[in-house]
Amino acid sequence: MSAADFDAVVVGAGPNGLAAAITLARAGCSVLVLEANSTIGGGARSAELTLPGFVHDLGSAVHPLGAASPFFRTLALERFGLRWLRPDIPLAHPLDHGTAACLYDSLSRTARALGPDAWTYRQLIGPSVRRWEKLVFEFLQPMLHLPRHPFTLAGFGLRAIWPAAALTNTVFSREPARALFAGVAAHSFLPLEAPVSAAFGVVLGMLAHAVGWPIPLGGAQAITDALAGCLRELGGKIETGVRIGQFSEIPSARAILLDLTPWQFVQIAGRQLPAGYRRRLERFRHAPGVFKVDYALDGPVPWTAEECRRAGTLHLGGTLREIALAERQAAAGAVPERPFVLVSQPTLWDRTRAPAGKHTLWAYCHVPYGLTIDMTDALERQIERFAPGFRERILMRHVSGPAALARLNANLIGGDISGGANNLWQLIARPVFGPVPYRTPLRGVYLCSSSTPPGGGVHGMAGYGAAKAALNDVLCHTAATT
């Protein structure tokens, strides 16, 4: 391939890489996407990991940010086969003694079910739900940006800046509400005592009421396939099985966009990077990792609480105090005895993913970065705690510790699925402090992974932001003349 073949080369065909390529192709640029694996999708892939006919999500499974993404919503991805399925109950959080707190699609229904904490829940989440589209646009941007909706963002910030544990203990009087909010906030991978951890609880709670916590028909691969279909319709090209080991192996182009972590960028760019910038990337901190198990089941999970049998996602961690301890331990490098476990049971709604009468289950727990210990037993004890007899339903397991996840997707170093810690500083300086954080010191080279704003999740906004920067910086002539 010659240097003149493409305006832009994108390395990595995850959702952000594909979003970057689509943004460039829509502007009239010729684009090539290179993917190291034999299949595209990064963290949004599906495959038969256990037994024939059982389709599992290799990475992400539940996609509130995908359904709400301002970028995805411009693409009409349903034309390329994407169909969202919305469970009856987006989230159930079982407690001991057979009860469960639930995040319903309705704000009012969720509040009513929380009893004495109904009014408080409405006051915490309700203002964001009413303005969800404005808020989604604002928080899926770099932290340092000129807001279009400053008053809406300011109101959100007053709630979001809190540590989740302090906010939860302050505003809620009963354990069901405290545990429910703590579990949602734990998606931050931060200790619940950390500033801004509450933001994740508010945002994901808001999205449950605005767009749900949907799953894609057929699995996460459907999102990737729809994005790829959109890109190819625009003339973009994708090549798989192309692993980039050093920067010189990337075909010449006017713009290069990397759906890679900062640590990978340092490895492939080497001494081409200025020493100061390289040191800042090397200081970028990892988030805790995950330990994941996929199950082929002989029947549905025998949850004690009836609500759990109708929920798409479950948080298994017990009380606020238990969740806070587990998250604090994982962040500090200690192995939680009772880890916080996230579960998705897609085959209650999507019968394409398992043989008739059978089911799949997707589960992972938060663990220290780079953990080498097998957490299968600890994870299953948490499931058995709320679903006695679960192990009797297991036909086969597929176990993926942090090292296995990194082999599956090189961006998941040490099992870190967030692209780096979500602490306040790294939300502002992601991966470095600057007005356009996607830019690198190498002209025409941009980072577009979840290590750039707005961070983790299947939403494509990091790719979109990096592509807009490339269009403004080096591809403006191409965009203006097409």
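**View 1. Strands E1 and E10 run side by side in this predicted model.** Strand E1 (residues 8-11) and strand E10 (residues 255-258) pair in the parallel sense, joined over four bridges. As a reminder, strands of a sheet pair through backbone hydrogen bonds, either parallel or antiparallel.

**View 2. Stepping back, E1 and E10 belong to an open sheet of five strands.** Reading across, the order is E9-E2-E1-E10-E16, and the pairing is parallel. Which strands form the edges? They are strand E9 (237-240) and strand E16 (445-447), each of which pairs on one side only. From one strand to the next, the twist averages 20 degrees.

**View 3. Helix H17 packs on the sheet.** Here you can follow residues 461-473, which make up H17, as the helix touches E10 and E16. The direction of H17 makes about 160 degrees with that of E16.

**View 4. Helix H9 is mostly covered.** This helix spans residues 197-210, 14 residues in total, and reaches 21 Å from its first C-alpha to its last. That is close to the 20 Å expected at 1.5 Å a residue. How many of the 14 residues of H9 are buried? The count is 12; among them are Ser 197, Gly 201, Leu 204, Met 206 and His 209.

**View 5. Gly 212 follows helix H9.** Look here at the backbone: the phi of Gly 212 is positive, near 85 degrees.

How values were computed
Residues numbered from 1 in each chain as written. Predicted model: local features only at pLDDT ≥ 70, side-chain atom pairs only at ≥ 80, totals over all residues. Heavy atoms only, no water. Pairing = 2+ DSSP bridges. Helix = DSSP H or I, 4+ residues; strand = E, 2+ residues; numbered from the N terminus. Axes fitted to C-alpha atoms, helices over the stretch in contact; angles between N-to-C directions. Contact = heavy atoms within 4.5 Å. Expected span 1.5 Å × (residues − 1). Buried < 20%, exposed > 50% of the residue type's maximum accessible area, 1.4 Å probe, protein only.
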